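The sequence and coordinates come first.

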Amino acid sequence: MVLKYIIKTAYKGLTANKFRSFLTILGILIGIASIILIVSIGQGAQNLVLSQVQSMGSKNIFILPGKHDTSMSSGFSMIMSDSLKNKDLDELKKKSNVPNAVNVFPIVLSTSLVKYGNNTYRPMVFGSTPELMALYDTFPDQGEMFTEEDITGKTLVVILGEKVKNELFGTDEAIGRRIKIKDASFLVIGIFPKSGQKGFMNFDDIIFVPYSTAQTYILGTKYYNRLVVEVDSEENVARAKSDIENTLRDSHNIEDSKDDDFSIETTESMINSISIITNVLTLFLASVASISLIVGGVGIMNIVLVSVTERTKEIGLRKALGATQKDILYQFLLESVFLTGVGGISGVIIGTLLSFFVSYILTNFAGYDWPFSFSISAAVLGFSVSALIGLVFGLYPAKKAAQLSPIEALRRE
Amino acid sequence: MEDLIKIENLCKSYQGEGCLTPVLKEINFSIAKGEFVAIMGPSGSGKSTLLHMLGFLDTQSAGKYYFEGKTMDDYGQEKIAHIRNHKMGFVFQSFNLLNKTSVLDNVKLPLLYSGISEDKWDKLAIDAIAKVKMEHRIDHTPGQLSGGEQQRVAIARALVMNPEVIFADEPTGNLDSKSGQIIMEILQDLNDAGETIVLITHEKSTAMHAKRIIHILDGQIDSDTKLEQQLKAKDSYTK
């Protein structure tokens, strides 16, 4: 039978019961749209997180205190550990220890209550060096950055993130005013422009101070929460990482790597870890959504079976007029694939529109820099899976139709 | 004349609940090309079952059925479908037209499975429709036609492949007498033009349009008479 007429016959069969066909298509449509939406959101989340990691620079190595393992207590021990001290900073700065290191930046982190007049706010206290901010390409657009002298002298100066400035001063001028953190009075010398999220930190919601000042007047500690090593080139990151490990083991008198009280992460290793987590999560959610496709497939089988029953006499007639079993099989298989194919295409379109809508809402109303992501592979896979479901679930009723005895079929009223 | 159809000791039984019900018993006859045969008998006599077997729509329980010298066993499913398509035309009592499909497309239906090039379909279908004088209704759907007209379309569908034989199962059964008369005249004209026709009917007036009447009673041939013999017999009785 000519393909054009198989398609025409299948189309006629489906349009004879438009509403029923629509309801059947809906099952597949919802399944495919859910998968497209989940994959798109998963990719969007992955892109967002990866862009954060990449914004930290591919030449930087991050040293964290405490041993990194997969246990639940790992994160807690990292926060509480005091293993990164001033001695480590000095050792890492020595060219003989890490020849490829261009710069080493200490970081101290905390949250603290900040007061100006009657206004109070609790931002992130971020203590480091001006050079670190240069790595993030972030500079005050009002006032100025503190200097090396401020670090050495533990000067009580602060640069405010845009949101912190607004919370404490509103529209008033902030430069030259003093804010209170714990018992110390800090002079506001600069304000960052609106910068958003960079390297997992909201730069609008920080106060930036010399690390030595933060340790002395805010945290009362002598250790660092992070050390960042800037390497001369991307190619030397692996070698520098190894040099850092050796230097810190010497500094901490560690002989076996199992006893390391620090962990080292490169941008590449972070990207790999994050990609694995988001991919697994997306795959899991897509698998859950694909259950709806199986439910949709059962619906397709049911409807094609009903169609075979309703058109038994027509099948008998076609066989009497010369249709082979194959002709009848293809006709009903095509009806099934047509239903799932339309459901698949509609699902891809609606899933993509929903993904765009979610991206728009998250970007414009929730403050995330959430990129819209359309996965061609997910769309192709979604459509192929829906067509395959049509074939698999349509096969039984189509075979049933093909095997009908013409005379039995013709007798049916 | 060459035999188109030949059956030898044909039997058909249906398996009921625990027992075998014989429908046809030891049927023997042959039909030559160009004949117009009516198989006549009361309801339940087995005449429709016989037609289904002649049309390769059903299989016999015992005996042999030769169509053009070959039995159904000589062919596979595909070939049987091909023979039904190319060599047999079917006309049913209930017309069996596709409801939402035009007269032209209904008549084209056998061509879909024929392997004939698509560009010839319209001409073949229109020629067949012209033979039953339904050209003016070509774009109508069956719902827009009378019973007689629907049956004429069904005959056109049976003719479109120019078959060796037309099997007509009670073609006038659902029609008024006037429409029935028209249908029988069409079948007679086709036979006059050389078409072999096998007609199933329970009405003597319909059977009288044929040139030979095989009378079936309780699954067996009761009589097999050519119309000329019947007429001669009638004449001699009158004299």
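## A helix and its packing

Which residues are buried in helix α2 (residues 77-87) of chain B? In this predicted model, the buried residues of the helix are Ile80(B), Ala81(B), Ile83(B), Arg84(B) and Asn85(B).

The buried residues of α2(B) have packing partners in both chains. From chain A these are α11 and α14; from chain B they are β4 (62-67), β5 (88-91) and α3 (103-112).

## Chain B as a whole

Chain B contains 8 helices and 9 strands. Its length is 239 residues, of which 51% count as buried. Taking the contacts in chain B between residues at least 6 apart in sequence, 69% connect residues at least 24 apart.

## The interface of chains A and B

Contact between the chains involves 24 residues of chain A and 25 residues of chain B. The size of an interface is often given as the accessible area lost when the parts come together. For chain A and chain B the buried area is about 2,200 Å², with 60% of it on carbon and sulfur atoms. Four helices of chain A, namely α1 (3-15), α11 (312-320), α12 (325-364) and α14 (406-411), each provide at least two residues of the side that touches chain B. The most comes from α11(A), with 6 residues. Sorted by class, that side of chain A has 11 nonpolar, 3 polar and 10 charged residues.

How many salt bridges does the rule find across the interface of chain A and chain B? The count is 0, although 10 charged residues belong to the side of chain A that touches chain B. Polar contact across the interface is found for 3 residue pairs, both residues being at pLDDT 80 or more.

## Salt bridges

Side chains of opposite charge can pair when their charged atoms come close. Over all chains the structure holds 19 salt bridges. One of the pairs is Lys47(B) with Glu170(B), whose closest N and O atoms are 3.9 Å apart.

Asp127(B) and Lys123(B) form another salt bridge, at 2.8 Å from N to O. The two residues are 4 apart in helix α4 (residues 121-131) of chain B, so about one helical turn separates them. An α-helix has 3.6 residues a turn, so residues three or four places apart point the same way. Asp127(B) is partly exposed at 35% relative accessibility, whereas Lys123(B) is exposed at 56%. In chain A, salt bridges with shared partners link Arg311(A), Glu314(A), Arg318(A) and Glu335(A) into one network.

A further salt bridge joins the side chains of Glu8(B) and Lys6(B), at 3.4 Å from N to O. Glu8(B) has a relative accessible area of 29% and is partly exposed. Lys6(B) also counts as partly exposed, at 35%.

## Backbone exceptions

Most residues other than glycine have a negative phi, and most peptide bonds are trans. Lys182(A) has a positive phi, near 55 degrees. Its place is in the loop between β8 (178-181) and β9 (184-191) of chain A, and at 52% relative accessibility Lys182(A) counts as exposed.

Asn162(B), which is not a glycine, also has a positive phi, of about 50 degrees. This residue lies in the loop between α5 (147-159) and β6 of chain B. Asn162(B) counts as exposed, with a relative accessibility of 59%.

## Confidence in chain A

The mean pLDDT of chain A is 85, and 95% of the residues score at least 70. Within chain A, strand β7 (residues 157-160) has the highest confidence, at 95, and helix α3 (residues 74-80) the lowest, at a mean of 52.

Over residues 70-74 of chain A, pLDDT stays under 50. For this stretch the model has 3 contacts beyond four places in sequence. Where pLDDT is low, the predicted coordinates should not be read in detail.

Notes:
Residues numbered from 1 in each chain as written. Chains lettered and ligands numbered in written order. Heavy atoms only, no water. pLDDT = per-residue confidence, 0-100. Contact = heavy atoms within 4.5 Å. Buried area = accessible area lost by both parts, 1.4 Å probe. Salt bridge = Lys/Arg side-chain N within 4 Å of Asp/Glu carboxyl O. Polar contact = N/O pair within 3.5 Å; in protein donor to acceptor, adjacent residues only side chain to side chain. Nonpolar A, V, L, I, M, F, W, Y, C, P; charged D, E, K, R; others polar. Buried < 20%, exposed > 50% of the residue type's maximum accessible area, 1.4 Å probe, protein only.
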